[in-house]
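Please look over the sequence and the structure first.

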Amino acid sequence: MKPSLNADLHCHSTVSDGLLSPVDVVRRAHANGVNLLALTDHDETGGLAAARAEADVLGLRFVNGVEISVSVGDQTVHIVGLGFDASNAALLAGLQQVRSGRDERAQRMSEGLEKIGIRGVLEGAQRYVGNPALVSRAHFARYLVEIGIARDMPNVFDHYLVRGKPGFVEHEWASLEEALGWIHGAGGIAVIAHPGRTRLSKAEMLKLFDQFKALGGEAIEVVSGSQAGDEALEYARVARRYGFLASRASDFHGPGESPVDLGKAEILPPDLTPVWERLV
Ligand code: AMP
Ligand code: MN
Ligand code: MN
Ligand code: MN
């Protein structure tokens, strides 16, 4: 990375499950020294226009982004799209379709928690929701922490919101083919988000990388605020082996909640080709 370039290509606003408005995300990124930013809300592009307008005011380079929920077998994988045309009709329709299942899922999550005696969780979680079309497990987790069910968000997830736990609901998201089709159809670049967070076996991971490559997938988050620091070495090797571009991301959701702030992720290993070479 050029010392002058502080790129952060994955973060969230209140348009999905972040704590800051799109404008405040951009202001905080700028204050933290970021000079190339992508806002990547889950399954939503509704914050991009406001974020871009603020970035223009501040002289911060801004890239359209989205983080698409994808089902791979019975697991969820997140694919980030960068640098697409945000008015592309097929992309917008695809994201709308992905979002549409969230309400029923949230209802069923709440019912699962009610069965173990935790009542009114959907109503409680909704107080944390910034966009009615985008209820996420993060909103449930914040409410469950508020009422003292668990100490913090990671604990809530471990005990209530992951597979096998009362608040978990199986859900079918987009397919990998669909997500890459929407991103590429809108002129964007596809990135495997936080590979260290996926719960796939080693063999399944390699299959994912093969499929992603075969579908024209371009990049991988070698450095992500939501995976352990030493995992960067592992995913740097994947980037070299597959010829993927490398991305750097905080996956920031909010102050006091996210371990890595905007623009504060580790830098990329210097031999990798940064994905922003294709974006700027
Ligand atoms: P959803 O898209 O509704 O399944 O929610 C996924 C979101 O929950 C992620 O994007 C994170 O914001 C949050 N999340 C998932 N796992 C954890 C965890 N272990 N600790 C804290 N937040 C998490
Ligand atoms: Mn999230
Ligand atoms: Mn994610
Ligand atoms: Mn994210």
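The sections below treat a metal site and then a set of charged side-chain pairs.

## The manganese site

The model described here is predicted. In it, the manganese ion (ligand 3) is held by three side chains: Glu-67 through OE, His-78 through ND1 and His-194 through NE2. The coordinating distances run from 2.1 to 2.2 Å. Along the chain, the donors of this ion follow the spacing E-x10-H-x115-H. Glu-67 belongs to strand E3 (residues 61–72) and His-78 to strand E4 (residues 75–82), so the pair ties together parts that are eleven residues apart in sequence.

Glu-67 and His-78 are both buried. A further manganese ion (ligand 2) lies 5.6 Å from the manganese ion (ligand 3).

Side chains of opposite charge can pair when their charged atoms come close. With a cut-off of 4 Å between nitrogen and carboxyl oxygen, the model contains ten salt bridges.

One of them joins Arg-27 to Asp-24, with 3.8 Å from N to O. Both residues lie in helix H1 (residues 22–31), where they are three residues apart, about one turn of the helix. Arg-27 is partly exposed, because its relative accessibility is 44%, a value between the limits of 20% and 50%. Asp-24, at 35%, is likewise partly exposed.

Another salt bridge pairs Arg-28 with Asp-261 at 2.8 Å, N to O. Arg-28 is in helix H1, whereas Asp-261 lies in the segment after strand E7 (245–249), so this pair ties together parts that are 233 residues apart in sequence. Arg-28 has a relative accessibility of 27% and therefore counts as partly exposed.

## A link between helices H9 and H10

Lys-202 and Glu-234 also meet in a salt bridge, at 4.0 Å from N to O. Lys-202 lies in helix H9 (residues 202–214) and Glu-234 in helix H10 (residues 231–242); the two residues are 32 apart, and the pair links distant parts of the chain.

Are these two partners buried or exposed? Lys-202 is exposed, because its relative accessible area is 65%, and the limit for that class is over 50%. Glu-234 reaches 29% and so counts as partly exposed.

Notes:
Residues numbered from 1 in each chain as written. Chains lettered and ligands numbered in written order. Predicted model: local features only at pLDDT ≥ 70, side-chain atom pairs only at ≥ 80, totals over all residues. Heavy atoms only, no water. Donors = N, O, S within 2.8 Å, 3.2 Å for Na, K, Ca; no water. Helix = DSSP H or I, 4+ residues; strand = E, 2+ residues; numbered from the N terminus. Buried < 20%, exposed > 50% of the residue type's maximum accessible area, 1.4 Å probe, protein only. Salt bridge = Lys/Arg side-chain N within 4 Å of Asp/Glu carboxyl O.
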